[in-house]
Every structure is written in structure tokens, then in C-alpha cells.
Amino acid sequence: MQINHENGIQDDERESASEFLFRFLPYWPLFLTLLVLSIAGGWLYLKYATPIYETSATILVKDEKKGVDDANLMAQLDLFGSKKLVENEIEVIKSRMLMREVVRNCNLYAPIEIKSGFKYVSGYVQAPVIIQVQSTDSIIPEKEIAFTYDKVKQEAVIGNLHFPLYQWRRDSLNTIRVIPNPNYSNADSNTSYPMYYSLAPVSEVADRLLSGLKVAQTAKLASVINLKIRDAVPKRAQDILNGLINVYNKAAVADKNGLAANTLKFVNERLKFVASELDSVETNIERYKTTEGIVDVSAQGQLYLDNVGVNDQKLSEINVQLAVMDEVEKYVQSKTGQGGIAPASFGVTDPVLAQMLGKLSELDIRLEGLKRTTAENNPILVSLRDEIERIKPGILENIRNQRLNLEAGRRNLQGTSNTYASILSRLPKKEKGLVQISRQQSIKNGIYSFLLQKREETALSYNSAVADTRIVDTADTGFLPVSPKSLFVYIVAVLFALGAGAAIIALKEFLSSNIVFRKEIEHYSALPIIGELMQEHSTSPIVIADGQRTIIAEQFRQLRTSLAYLGVNNRKKKMLVTSFIGGEGKTFVSANLAISLALTNKKVVVLEMDLRKPKLSPMFNVSREVGLTNYFVGDKEADHIIKSTQVSPNLFVIPCGAIPPNPSELILNGRLDELLKYLESIFDYIIIDCAPTGPVTDAYILSPMCDATLYVIRHGVTPKAAVKMLDKNVLVRGLKNVAIIFNGVKTRGVATFGYGYGYNYTGSYGLEKTGKTKKKKEKNDVN
């Protein structure tokens with residue numbers, strides 16, 4: 001069963017492929033024409049389309065979750081650096097602020113174009129000059145302003161205005177100047193050809209470039225970022241990427257320097273204050289020694305100073321740390337990050353707090369940068385704000401804990417100082433005063449030395465600040481363009497030609513309101529189709545004769561054989577031939593089917609019962625002056641209206657006679673039954689050529705008197721609506737034993753493939769060619 005099922009599927013696939021070829025292959029000239037036109041169009045497109053090249057650059061970012069740490073020396077020097085998240089840095093690189101700076105630096109807001117043949121090319125490297133706008137923040141847009149450049153006079157001419165190099169002048173809307181193009185390489189060529197410049201707002205150009213910029217990690221776990229951009233001018237794309245990396249690094253260094261400068265400001269302020277206090281203490285010592293006449297302290301006083309010095313040094317360091325805590329708390333509580341010393345600065349000894357402050361500083365800097373380039377409700381901006389708000393409470397709590405610990409330590413140190421006071425009380429009065437002043441000097445010296453050390457460390461970090469990125473590959477452009485690709489264009493052209501051809505054919509057939517496919521008949525009606533007849537182009541309506549071996553003749557012989565399906569035989573011999581409207585070939589079918597039956601030595605009679613538009617008699621050169629109407633009115637008997645034919649001695653015709661005014665009434669007068677009974681006694685087959693069913697009811701009257709009804713449907717003529725109603729009409733109006741003949745099947749396109757007739761009798765069958773292949777000069781359509 002499985003094998004049979006697979007074989008059935010394969011057969012269905014082969015049948016679908018055959019049906020597809022059968023449907024479209026006859027129209028091969030249409031497909032060939034469309035294919036030639038499409039390929040020619042693709043060639044023209046490739047000839048005049050501007051090639052687009054892809055430029056890429058690669059940078060390495062220090063990621064706190066990826067990669068390795070810096071060397072120890074660099075880590076010590078880079079006091080204000082911070083490792084970054086690659087994902088965040090990608091967003092920073094794609095920020096409008098950085099791209100706008102690139103647009104200004106590369107003068108991309110003022111593109112120049114040069115007309116070359118039928119298209120315009122960029123003047124980024126081909127124009128001898130570039131245009132600069134004095135105020136890039138308020139550019140008034142201008143489009144395609146023509147100008148020329150005089151290399152001898154070194155001036156540009158815009159309309160009636162002359163613009164010497166490097167001089168600011170106003171054109172119609174903006175203040176601009178012309179400077180030499182550093183990318184121009186054809187210095188010796190003619191520069192008098194017309195050029196066109198346009199001016200666009202910096203933000204607009206930046207947005208357009210960002211839409212084409214691709215920034216992504218090279219791998220999920222890598223800290224390497226790949227930048228790509230496509231441009232018709234490789235040099236311009238390289239300048240954009242290199243410029244973007246440059247301004248990104250400058251912004252990172254500027255952030256670091258801002259932190260260091262803030263710390264230096266705090267340290268210098270403290271140094272000025274401590275230096276002033278130290279000068280005051282030294283002046284007091286000198287004055288006290290002069291006034292009291294004391295040269296130096298005793299051994300006991302020196303012991304006191306040695307013991308209390310270490311304690312005072314610790315106490316001063318705690319005071320400095322408390323001051324730093326106050327500044328850090330002010331920074332954290334500020335809304336904009338201004339007014340306090342930068343996080344992760346000196347004085348913060350707790351590693352957890354230092355890490356949290358560094359994170360807050362990084363988030364705050366990123367927030368400030370994004371606020372200048374994105375909307376307030378931007379998801380990234382909202383996420384940063386939420387993260388800052390989440391981290392601040394933890395920092396403030398840590399600061400409060402650090403302050404409590406420092407204050408407790410300060411109280412302990414102050415208690416220790418009180419124990420040393422007993423030593424001071426045992427000193428002589430004059431020496432006691434000198435010791436106290438010397439103690440103050442020692443404290444101030446310790447603080448001053450500590451601040452000097454921190455200032456040097458901060459200054460060293462300030463001067464050694466470097467970006468947290470390293471350029472792996474500078475911007476480079478591929479040799480081949482990425483667009484347009486020749487192979488892709490030609491493939492699209494071929495697919496377009498095939499698709500357009502199929503669409504034209506399908507649309508043509510879909511819009512047809514008449515029957516064109518056998519499958520349409522099978523879809524609309526359950527009645528059997530017992531024969532298909534090809535379209536025959538001939539001067540004679542008789543297409544079958546004894547010994548004739550044409551395709552149409554063989555089709556009538558097949559139709560003759562198919563009559564057995566309807567039970568037509570020597571006892572059931574009466575056949576009615578009708579159609580829906582005139583012109584569908586019912587008379588043609590009646591005449592040639594009768595001849596086909598007569599060729600088998602059977603006596604056949606054909607009744608011309610289309611009493612309104614009779615066409616059967618002329619086919620057999622039989623006069624219709626006397627016929628059925630004469631019989632119906634009683635003027636003639638049956639023997640007098642039966643006419644022999646020259647086609648075959650076995651074929652007879654009963655013409656219609658004079659066209660009556662009341663055909664239906666004549667048919668119903670009762671004499672037809674007598675005639676049919678008489679004809680049955682002497683003929684083997686009786687064929688009745690009847691009027692169409694659409695305009696009149698004759699067929700519905702005659703069909704019950706017959707043994708079979710042959711309903712002719714003609715390709716391209718019979719309306720689909722008529723076939724849709726056929727089964728209902730057969731059931732309601734009583735057409736008897738109905739079968740369909742599909743007549744006039746035309747060849748499709750210019751090939752010899754028929755719509756419903758799927759084979760050709762040629763070659764070994766020895767049949768003659770017919771139709772267009774035999775009688776190309778014949779124009780009359782007989783069926």
C-alpha cells in the first residue's frame with residue numbers, strides 16, 4: 001500500500017508538470033519576447049545604475065563581561081577608565097550626536113554632483129572644491145545649485161556671484177565658502193564643466209546615514225564590533241567610518257578627562273586651604289619661639305610628638321575621607337550629576353562602594369549623551385533612568401555606613417589623643433605651648449603631603465587618558481560592488497519575464513466569460529464529455545469521408561464509438577443534437593456524425609429541425625423547399641420529404657422546408673411522433689439537428705422523444721454561465737440522456753497543442769496534417 005501511495009504521488013506530480021507545460025508552452029513566442037525585453041532591460045539597468053560598495057571597519061571594546069583586563073601599569077594610570085558593555089557601546093556608536101559630528105567634519109551636508117552622460121555622479125573625489133557652510137546648525141536647504149570652478153582664478157561662479165577660495169560669501173540663502181577638495185586627484189584636468197551642489201540640514205543627513213549604518217558584534221561572546229556602511233563612493237564611506245570611530249574615541253577620552261578635571265579641582269581647592277593653614281601654623285611656631293625664647297622641645301616633649309603624630313595622621317586621613325564622602329553624597333543626590341566630585345575618585349577605600357560609584361558615573365555619562373540625541377520616552381533612555389534610580393539607594397546606604405564607621409574610628413582616635421594629653425600636662429608651660437603648635441604643624445604637613453600625592457596621581461591619569469577601544473581594522477572597501485549584482489539582475493529579469501508571461505496568459509483566461517478549458521466544463525457540470533473536436537479551418541463543412549485520415553475525421557470516428565456509452569444502438573437510435581446558443585457548431589456536428597455513421601454501412605437520416613435558422617440542407621446541397629413543415633401541415637407524406645445525398649448512399653436528409661411562423665406549435669401537433677416511428681422502421685440511426693436551448697424551447701420538447709441528447713459546447717463561444725446552469729436545466733426541463741461534445745478546440749499560442757485534445761496523430765499513424773498545418777490559406781471556420 002505504501003508503494004502504491006508513493007507511485008500515486010509521483011504520477012500526480014508528473015501530471016501537474018505536464019499540465020503546466022501544456023498550458024504555457026504554446027505561448028513560447030510571448031515568453032521569448034518578454035525574456036529578450038527583460039534581459040535587455042537588465043543590461044540597460046546594469047549599464048546606467050550606480051554601483052554600490054560596502055565598506056567595513058572593526059574595533060575592540062573593553063567589555064566588563066568579556067575579554068581580558070589591562071596590564072597593571074595601564075590599569076594604575078587609567079584611574080578614571082571603566083570597562084563597558086559592548087551592547088551599550090553599539091548604541092553609543094549609532095547615536096545621532098556622533099554621526100552629526102561626522103557629517104560636519106566631512107562636509108557631507110553639502111554634496112556636489114557632476115553630470116556624466118545620462119546620470120549624475122558624486123563629486124566627493126571628482127570635484128576640485130568642496131562647499132562649507134558657516135553655521136552648520138541652521139542650514140537652509142538648497143537643491144541642485146549649478147556652479148563652475150575657474151582653476152586659474154581660483155574661484156567658484158554661482159550664477160552671477162563669484163566665490164574666491166576661503167572667503168565667506170552669501171549665496172541666496174546661506175553663508176558659504178569654497179575650499180580645495182583634499183580628496184581631488186585630477187589636479188591637471190579641466191574643471192570648467194558644470195557642477196551642482198545641494199545643502200541639507202546636518203540632522204537630516206545624519207539620520208540618512210544612520211539608517212544605512214550596520215553596527216554589530218562579530219560573535220555573541222566577543223567584544224569586537226564590526227561597522228559596515230554602503231556607498232557609491234568608497235572613499236566617502238571610508239571617511240565616514242574612520243571619522244565615526246575617531247569622534248567616538250574622542251568622546252570617550254573627553255568623558256574620562258572630565259572626571260579627572262573634576263577631581264583635580266577638588267584636590268587643588270583642598271590644597272589651597274591646607275597650605276594656608278600650614279603657613280599660619282609655621283608662622284605661629286616661629287613667633288612662639290621668638291617670644292618665649294625656646295629653641296627646641298625637650299626629650300619628653302619629643303616623645304609626646306612622636307606618639308601623637310601617628311594618631312593625628314590617621315585622624316586627618318579620616319577627616320579627608322569624611323569630606324570626600326560628603327562630596328560623593330552630594331554627587332549621588334544631584335539630579336544631573338553636576339556639583340560633586342566624580343565617583344570612583346580618591347578617598348573611597350571600600351571596593352564595593354568604588355565599584356558602585358564607577359557604575360553610576362558610567363550610567364550618568366551615557367544618560368547625558370543619549371538625552372542630547374534621543375527623545376525623552378526612548379526605551380533605552382527610560383531603562384538607563386530606571387537603572388540609575390535603582391543603584392542610588394544602595395550607594396547612599398553604603399555612604400551612610402561608611403560615614404558611621406569613619407566617625408567611630410575618629411572617636412577612638414580622639415580618645416587616644418586624650419591619653420597623650422597626660423604626657424603634655426607634665427611638660428613645662430612654655431614647652432607645652434610649643435609642643436601643641438608643633439603638633440598642629442605635623443597634622444597639616446601630613447594632610448598636605450597626602451593631597452599632593454593624590455594630585456599627582458590624578459594629573460598623571462589625566463595626561464595618560466586613552467580611549468577604551470582599539471582599532472582592529474581601519475575602514476576598507478571591497479573590490480566588487482555589492483549592488484547591483486549582474487547575476488541577480490539577470491535572474492530577476494528572467495523570473496520577471498516568465499512571471500509576466502504567465503500572468504498575462506492567466507489573466508487573459510481568467511477574464512474570459514466563455515469556456516476555454518475542458519476542466520471548466522468538468523468543474524461546472526457532472527455530465528459526461530464523450531468527444532472533443534478540434535477547430536477546423538476549411539472551405540467545406542464536411543470534414544469526414546471514406547478513406548479520409550485527418551485528425552478531425554478520426555475525432556468523429558472516436559465520437560461515433562463513444563455513442564455506445566449512451567446506449568445508442570439498433571434499438572435506441574434517435575439522437576438529438578443541440579447547444580445553448582447559435583454558432584456553437586451543432587449543425588456541423590450533426591452532419592459529420594451522420595456521415596461517420598453512414599460510413600459503417602448503416603442507414604442514417606438527419607432531420608433539419610432547426611426551423612428558425614436552418615443550415616443543414618446547404619451542407620449536403622439539398623433543397624429545403626419541401627420538408628418537415630410541409631409534413632407537419634399535412635401537405636406531404638414522409639416518403640416525399642426524405643432526400644438522398646451525394647456524400648454517401650446510406651445518408652439521407654429531411655430538410656426543414658419553408659420557415660414557419662410557429663415552429664413550436666408545429667412540433668407539438670402530433671405528426672412528429674408518427675414520423676419518428678416511421679423513420680425507425682427503415683433507418684439504423686436518426687439524428688435530429690435542433691434549435692439552441694437558450695433562445696427557444698424546441699430542444700426540451702424534442703428530447704423526451706429521443707434516446708440520447710448530444711449537447712455541443714464550443715471553445716471560446718459557450719458562456720460559462722450556461723454550463724453552470726446546464727445540470728439544473730437537464731433536471732428541471734427534462735433533457736434526456738445528455739452527453740457533452742466539446743467542439744472547436746483551438747490550438748493555443750502558435751504551437752499545435754490543443755486545449756482539450758492532448759495528442760497528435762502524426763508519424764507512425766500515417767495521418768494527414770490538418771488545420772493550420774495543412775491549410776494555412778483557408779480562412780473559413782466550418783465548426
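This is a predicted model: local features need pLDDT of at least 70, side-chain atom pairs count only at pLDDT 80 or more; totals for chains, interfaces and linings use all residues.

A: Thr55 stands opposite Thr477, a residue of β13.

Another residue pair between the strands is Leu60, whose bridge partner in β13 is Arg470. β1 is also joined to β12, by 8 bridges, and these two strands run antiparallel as well. Here Glu54 has Arg230 of β12 as its bridge partner.

These pairings belong to an open sheet of 4 strands, in the order β11-β12-β1-β13, with antiparallel pairing. Its edges are β11 (214-217) and β13 (469-477); each has a single partner strand, so one side of each is left without a neighbour in the sheet. From one strand to the next the twist averages 15°. Helix α4, residues 86-93, packs on this sheet and touches β1, β11 and β12. The direction of α4 makes about 170° with that of β11.

β12 is among the elements that give two or more residues to the lining of the second largest pocket. About 780 Å³ of space lies in this pocket. Its lining has 38 residues, and those that lie nearest the centre are Leu108, Pro111, Val205, Arg208 and Arg236. Besides β12 (224-231), the elements giving two or more residues are β2 (112-116), β3 (119-122), β4 (129-133), β5 (142-150), β10 (195-199), α6 (202-212) and α7 (234-292). The element that gives the most is α6, with 6 residues. By residue class, the lining divides into 21 nonpolar, 9 polar and 8 charged residues.

Arg208, one of the residues nearest the pocket centre, also takes part in a salt bridge: its side chain meets that of Glu204, with N to O at 4.0 Å. Glu204 and Arg208 are 4 residues apart in helix α6, so about one helical turn separates them. The rule for a salt bridge asks for a side-chain nitrogen of Lys or Arg within 4 Å of a carboxyl oxygen of Asp or Glu. By this rule the model has 21 salt bridges.

Two of the strands in the pocket lining, β5 and β10, also pair with one another, in the antiparallel sense and over 4 bridges. Phe147 has Met195 of β10 as its bridge partner. The hairpin of β5 and β6 has 4 residues between the strands, and in it Gln154 takes a positive phi near 55°.

β4, also listed for the pocket lining, belongs to an open sheet of 3 strands in the order β4-β9-β8, with antiparallel pairing. β4 and β8 (169-170) stand at the edges with a single partner strand each, so one side of each has no neighbour in the sheet. The pairing of β8 with strand β9, residues 175-180, is antiparallel over 2 bridges. Arg170 has Thr175 in β9 as its bridge partner.

In the loop between β13 and α12 (486-511) lies Pro484, which is joined to Ser483 by a cis peptide bond with omega of about -10°.

Definitions and conventions: Residues are numbered from 1 along each chain as its sequence is written. Side-chain values use heavy atoms; hydrogens and water are left out. On a 1 Å grid over the protein atoms alone, a cavity is a set of points where a 1.4 Å probe fits but cannot get out, and a pocket is an open set with protein on both sides within 12 Å along at least five of seven lines; lining residues have an atom within 4 Å of a point. Grid points are joined across faces, edges and corners, and a volume is the space filled by probe spheres set on the points. Ala, Val, Leu, Ile, Met, Phe, Trp, Tyr, Cys and Pro count as nonpolar, Asp, Glu, Lys and Arg as charged, and the others, Gly among them, as polar. Two strands pair if DSSP finds at least two bridges between them. Axes are lines fitted to C-alpha atoms, for helices over the stretch in contact, and angles run from 0 to 180 degrees between N-to-C directions. Contact means heavy atoms within 4.5 Å.
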